Amino acid sequence: MAALRPDFPPVRACLFDMDGLLLDTEDIYTLCNNVILRECNRPDLPWNIKAQLQGRPGPEAGEIFHAWAQLPIPRADYIRKNTELQRKHFPSAQPLPGVPDLLKTLAENGVQLALATSSHTANFKLKTSHLTEMFRAFPEPQRVLGDDSRIPPGKGKPAPDIYLLALETINSGLRKKGKREIKREECLVFEDSVPGVEAGRRAGMRVIWCPHPQLLKEYKGREKEVLAGLANGGGDVQVKEVMKEAAVGGEGKGRGWPGRRDDGWAELVSSLADFPYSRYGIGGV
């Protein structure tokens, strides 16, 4: 892993994904899908496909999933079954290790926080209604959800729009208080998904990648590509192959390369516990 560049300014804002990063919901998503897959005599969801679903808006992830799954039931039946399972299991979601302390410490050191999740409003409430104290770290105006009308159609992760909007929610408040706005290079994006890392890099921000252990295993040997925001391009080739085989087609949208390997803009961590605050110029921690 390349060392972080020494000339970065101190981090003034941290922008967070939610599923699989703040909350342990990724395994819940897998559980719900596997229940339905097994009922339909289909194999469990493999990580090489799940990796392509993570971080993406629901409709896009749904197309990829169904192209692979080839379920023998109508799409409406799948949605109904999956929604019932999610309503049962999402309220049991818990913070991942280190998350409550991380959010508390950042806030105590004056770091601005915003949420940037592909989860739509209904699912957000299911996942967080029992964790209101922790989510108070994110002021209501600084929560950008997957069904936010300010994000144009087709511009979910890996496009940078959600992180650019999250930063704007912070800067809007700072302008009203007559305070200096935060620049992109003063932002640190926290992500677990590969499309999410790309979104952060394409937004011109620094990135912490904290993946699920199985996702990290899936990208073994390609970690530097992920950190540069380059790995999702290869992933989209795989997605297009699945879609083509299922005849649901469509070429992938053009993606610009946001960074270079070992450019010092991103870092891989295995956990958010014991976060290295001083490395990012945060307070005296």
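A residue is called buried under 20% relative accessible area, exposed over 50%, and partly exposed in between, with a 1.4 Å probe and protein chains only. The model on display is predicted: local features need pLDDT of at least 70, side-chain atom pairs count only at pLDDT 80 or more, and totals for chains, interfaces and linings use all residues. Residues are numbered from 1 along each chain as its sequence is written, and side-chain values use heavy atoms, with hydrogens and water left out.

**Stop one: the cysteines.** Select Cys-210, which is buried at a relative accessible area of 9%. Then select Cys-187, also buried, with a value of 0%. A disulfide is a pair of cysteine sulfur atoms within 2.5 Å, and the count here is zero. For Cys-187, the closest cysteine sulfur belongs to Cys-14 and is 8.4 Å away, too far for a bond.

**Stop two: the aromatic rings.** Rings of Phe, Tyr and Trp (its six-membered ring) pair if their centres lie within 6.5 Å; planes under 30 degrees apart count as stacked, over 60 as edge-to-face and the rest as tilted. The structure holds 11 such pairs. Select Phe-190 and Phe-275: their ring centres are 5.4 Å apart and their planes meet at 50°, so this pair is tilted. The two residues are 85 residues apart in the chain, with Phe-190 in strand 4 (residues 187–191) and Phe-275 in the segment after strand 6 (266–268); strands are DSSP runs (E, at least two residues), and helices likewise (H or I, at least four), numbered from the N terminus.

**Stop three: charges over rings.** Here NZ of Lys or CZ of Arg must be within 6 Å of the ring centre and within 35 degrees of the ring normal. Select Lys-127, which lies over the face of Phe-90 at 4.7 Å from the ring centre. Next select Arg-42, placed over the face of Trp-68 at 5.9 Å from the ring centre.
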